[in-house]
Amino acid sequence: MFRKHNLVLNFNYKKWFWLAVSTYLVIGLYLLNVTYSKPVLSMDVQNEDGQWILIEPYYKEWAEKHKIKKGDIILEVDGKQIDSLRDLKYEPVIRAARELKIMKDNGAVINLNIKLYDIPEQFFYVLIVPFCYFLLTLFITLYLYYKQKNTILLNLLILFMLTVSLAYVSSGASARLNLLGIIINRSSMLLCLVILLHFLKIYFEFMDLKWLFTKKINLFYTIPIAGVILSVFSNLYPSTHFENSFIVLSLFFFLLLVILGIIILGYIKYKTPQLKILLSSIIIPFLPFLFLYALPEILFHKQLLEADICSLFLMLIPLSFLFTQLTERIFDMEYFISRIRYYFNFSFAFTIWLLGGLYLLTDLSITRMTELFFFTFLSLMALFYIKERVDYRKRKILFSTKGDYIHRLYTTVDSIGRVVKIEDLLEKFVQEVVLQLEMESVYVLTYDFQTHQVTLTNKSKEYNQHQIDEVLLEQLGLGDIKKTDHFYIAFIHQDTSYKRILVVDHNKSIYLKDEELLWLELLLLYLNNFIENTKMVEDLLDQLKHMKEADNRQLPWLNKLLWLRFEEEKYQLAQELHDTILQEQLHIAREMDVLIHMKDSENFSTKLGKLHEHMITSLNDLRGYCENLKPPLLDTLGLNAALEKLIQKVQKRANFELLYTIDRLYLEDERLNLMIYRLFQELLNNALKHSYANAVTIHLQSTEEGFEVLYSDDGVGCNLDDIILTESMGIQGMQERVQAFNGKFALNSKVGEGMMIRIRVSETQYPYPYAYSTLNRPTYMIRG
């Protein structure tokens, strides 16, 4: 029955999707055809003594080329007397025309035939860009449909992108006063924002965030209907055209401010990078249209920039979704935001500087300045990105070996990392600094907090004593490198009683370059971690040594613990193989026995084919067990790729809707990657086997000091006491994994009310190996 229900839903979704795409294609192609019908001139005219005088041509370069200037009298438009054009009475603008009859000031009458290609700016803005935008939106829509799972968020996203595209494409038909173009332009302008508002509401629920606006979003769908009514009314009563446009722009302004406020307040309140990427990829493209066209038109009845130019920024919407979908690091939002912000600041500042100079030195039109801005700005953005990629690929041959500090850092860390004792570690570090910086007076000093004495760590070297400021020593922190009159001083490591510092004597004659200081700073960070890890290993070895001396045996408790855990894992794996793969193999053996003794040769090939299918299924199951024992993508492509593949496998088997988010983590301890994978594996297996849920959500979120896993379902739930007594559903195993890293495990569940699990691990909370408790019963943090 579930399968039949899913088939019906899938069929309805396909029907809805192809209906939306078909409507988009039919309307879009019609609007593009209208756009290509005639050029847009946007020539302001004024009636003086019964004659229509040209006041201002929009395309000034085109007008100068055809010797059209202010004061010329327009006689006919497309073979019709200009007096017969009813729209001029209410809005004195000649919007579009193929032919013009013009009387010059000397009385000469000229007939001007206008072609689409005569105005290069219009050919770009009105013809090429809308068509490319139309195709790009269609491509991304099909990509999302085939690559992503059907959810209400995806459906709203597709509708939003299609509606924005129609709003952009219809601007050309609307400028030609085509009735259908005006209706679609105004209604889709409002509809796309209402869909975006609806999308935000569902997205907040998906992120488990409190919605910051009214829940009655369906009422806002009446606003686009009002846009349709106003458009029809404008056509019936042209005198109301300006007032109706004012109302539509005001509604657009109101909706966009509401959406902008929700995202900004949501980000301030919750600090989630997802809301930041929404602000960057969806809202920002609307801002030029809002502040350079809509708002000035509402307040001053004069736009700062034409709508067709402001609408170019809408191209960023599908491009941003294409970028985030196709990139390998789709969840690394903070990385992309910071990187784009870095490129943007440099590119924008230089572009403004360049255009400011061109504005003072030349007499370029606003349209031409806008074109130069886009070309220069986007070219610089692309140049910065290409330079970064080329520098990375050519890093080994771009600079000399001596100047390649990345290569030098790699070789130095590799050399230091081979040492196992702290004294040898510091000695090797000093040798590397002397070698790489070509400076002989390099020392490691130890500062005692109690005696306030500074001693030379390496007794074999002679230290040229300089007076070192005690306050400077105490304030010196991790990563700090200070320059004094006689030496450079840097922080190495600190414990409760001592602080180790590096002193590089420059004798007022040698100055370290910025690259050398950066190399030294990074090397000191590595060295501090090496010392910490070495101390942990030494402390652990001392503990084991004392235990062994006190007991005078080979630590039987540790051997027993490891042996029991190993036997438990073997028993569980053997049980699973016995219940699945082995049973399937026995079934295949019996079927083979039947085939050997079968006399009916007609059905032999059919039964052999079915038997072959059973074998393939059994092999796939066996491959799955092998992947569970060692996730193949975890070591090669990383945690995110391994989790994505695991979730894809679960989605194929699941009868519930699985919603998930996976942040990209930057963990210093690589063992946590395997632990996170096992947690996801156990949680999703529990959901498949025990939850009987309709919806399951699981989120992996990055925190300041580690990560957090949030799981919830709306399934049958359970009694917490039953879980504790039976140790079922792998709860104890998950808790032990979390406790091994001093993490927090919180579980909340009631019969019939689903289950919630929250796991939080901080890398700073387990400086020493976790000592297992001798209690057999697990403990739980119960949340009400």
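**Sheet and helix packing**

Reply: Strand E8 (residues 442–448) and strand E12 (residues 498–505) run antiparallel and are joined by seven bridges (strands pair if DSSP finds at least two bridges between them; strands, E, of at least two residues and helices, H or I, of at least four are DSSP runs numbered from the N terminus). The model is predicted, so that local features need pLDDT of at least 70 and side-chain atom pairs count only at pLDDT 80 or more, whereas totals for chains, interfaces and linings use all residues. Residues are numbered from 1 along each chain as its sequence is written, and side-chain values use heavy atoms, with hydrogens and water left out.

Within this pairing, Leu445 has Ile501 in E12 as its bridge partner. Helix H15 (residues 422–437) packs on the sheet and touches E8, strand E11 (487–494) and E12 (contact means heavy atoms within 4.5 Å). The direction of H15 makes about 140° with that of E8 (angles run from 0 to 180 degrees between N-to-C directions, and axes are lines fitted to C-alpha atoms, for helices over the stretch in contact).

The sheet as a whole is open and has five strands, in the order E9-E8-E12-E11-E10, with antiparallel pairing. Strand E9 (454–456) and strand E10 (481–483) form its edges, each pairing on one side only. From one strand to the next, the twist averages 30°.

Helix H5 (residues 179–206) packs with helix H7 (residues 241–270) at an angle of about 20°, their axes lying 10 Å apart. H5 and H7 are therefore roughly parallel to each other (under 35 degrees counts as roughly parallel, over 145 as roughly antiparallel, 65 to 115 as roughly perpendicular and the rest as oblique). H5 and H7 cross in the left-handed sense (the near helix is turned anticlockwise from the far one by less than a right angle; clockwise is right-handed). The contact of H5 with H7 comprises 19 nonpolar residues, four polar and one charged (nonpolar: Ala, Val, Leu, Ile, Met, Phe, Trp, Tyr, Cys and Pro; charged: Asp, Glu, Lys and Arg; polar: the others, Gly among them).

Helix H6 (residues 222–236) also packs with H7, at an angle of about 165° and with axes 9 Å apart. H6 and H7 are therefore roughly antiparallel to each other, and their crossing is left-handed. H6 contributes Ile223, Leu230, Phe233 and Ser234 to the contact, while H7 contributes His241, Asn244, Ile247, Val248, Leu251 and Leu255. Seven of the residues in the contact of H6 with H7 are nonpolar and three are polar, with no charged residues.

Helix H9 (residues 287–300) packs with H7 at about 140°, with the two axes 10 Å apart. H7 and H9 are therefore oblique to each other. The crossing of H7 and H9 is left-handed. On the H7 side, the contact is made by Phe242, Phe246, Leu249, Ser250, Phe252, Phe253, Leu256, Leu257 and Leu260. H9 supplies Leu287, Phe289, Leu290, Tyr293, Ala294, Leu295, Glu297 and Ile298. By class, the contact of H7 with H9 holds 15 nonpolar residues, one polar and one charged.
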